[in-house]
Amino acid sequence: RRHASADSDNVIRLHGRGDRGAENSERVLSSLPEEQRQAVLLYALEDFTPAEVAEILGRSPAYVNELLGQAKARIARSLRTRVLLIEDDPLVALLLEDMIGEMGHEVMGDAATREEAVHTARAGHPGLIITDIVLADRSSGLDAVADICGSGRAIPTVVLTGYPDRVRKGSKKF
């Protein structure tokens with residue numbers, strides 16, 4: 001559990017998965033100004049509270065909270081990506097688009113069918129795909145992702161479904 005600061009918007013978490021995650025974290029951290037990087041490393045990796053970071057850096061807690069806030073904003077900007085949304089329910093698509101935008105990402109396009117998804121991806125090169133499993137034409141979002149990534153490009157993908165019981169039971173029929 002991370003400690004909570006007085007300013008909960010300044011909570012920074014660094015996640016890494018394998019070598020690629022470590023490379024991403026290293027790239028992002030190296031882009032921060034020195035004092036922000038020090039504050040982030042002490043807070044997020046060494047688990048010091050903002051007050052303890054302030055003491056270590058010889059700064060005020062308010063200044064450290066400002067440093068952490070600036071670092072969080074800079075990290076968020078550097079992690080922004082273009083998202084392809086594959087969802088056939090217009091209401092769900094709208095809600096997801098709003099959430100994606102609020103998180104600072106760009107929805108590069110949305111698609112309701114496998115064919116639309118492949119066409120949209122080829123036109124825009126997404127950094128992330130969010131897909132439903134069953135699409136409007138009864139095709140599979142998973143097949144669309146396979147087509148998009150067929151050229152060997154790995155794209156992180158989040159899979160959504162209105163059929164969670166079938167997924168848990170391993171059903172191949174949706």
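Reply: Helices (H or I, at least four residues) and strands (E, at least two) are DSSP runs, numbered from the N terminus. This is a predicted model, in which local features need pLDDT of at least 70 and side-chain atom pairs count only at pLDDT 80 or more, whereas totals for chains, interfaces and linings use all residues. Residues are numbered from 1 along each chain as its sequence is written, and side-chain values use heavy atoms, with hydrogens and water left out.

Me: Which element of the protein chain has the highest mean pLDDT?
Reply: pLDDT is the predictor's confidence in each residue, from 0 to 100. The protein chain averages 84, and 82% of the residues score at least 70. Helix H8 (residues 164–168) has the lowest mean among the elements, 68, while the highest, 97, belongs to helix H3 (residues 50–57).

Me: In what order do the 4 strands form the open sheet?
Reply: Two strands pair if DSSP finds at least two bridges between them. The pairing in this sheet is parallel, and the order is E2-E1-E3-E4. The edge strands, each pairing on one side only, are E2 and strand E4 (157–160). From one strand to the next the twist averages 15°, and the order asked for is E2-E1-E3-E4.

Me: Which residue in E3 is the bridge partner of Leu84?
Reply: Strand E1 (residues 82–86) is joined to E2 by 5 bridges, and Leu84 stands opposite Gly109 in E2. A further 4 bridges join E1 to E3, these strands running parallel. In E3, the partner of Leu84 is Ile129.

Me: How many of the 5 residues of E1 are buried?
Reply: Buried means under 20% relative accessible area, exposed over 50%, and partly exposed in between (1.4 Å probe, protein chains only). E1 also belongs to a right-handed β-α-β unit with helix H5 (residues 90–102) and E2; a crossover is right-handed if, with the strands pointing away from the viewer, the path from the first strand over the helix to the second runs clockwise. E1 is mostly covered, and the number of its buried residues is 4.

Me: Where does Thr113 lie, and is Thr113 buried or exposed?
Reply: Thr113 lies in the loop between strand E2 (106–111) and helix H6 (114–124). Contact means heavy atoms within 4.5 Å, and, not counting residues up to four places away in sequence, Thr113 touches Leu135, Ala136, Asp137 and Ser139. Because its relative accessible area is 15%, Thr113 is classed as buried.

Me: What is the phi of Asp47, and what is that of His125?
Reply: Most residues other than glycine have a negative phi. Asp47, in the loop between helix H2 (34–45) and H3, is partly exposed at 39% relative accessibility. His125, in the loop between H6 and E3, is exposed, with a relative accessible area of 55%. Phi is positive in both residues, near 65° for Asp47 and about 50° for His125.

Terms used: Axes fitted to C-alpha atoms, helices over the stretch in contact; angles between N-to-C directions.
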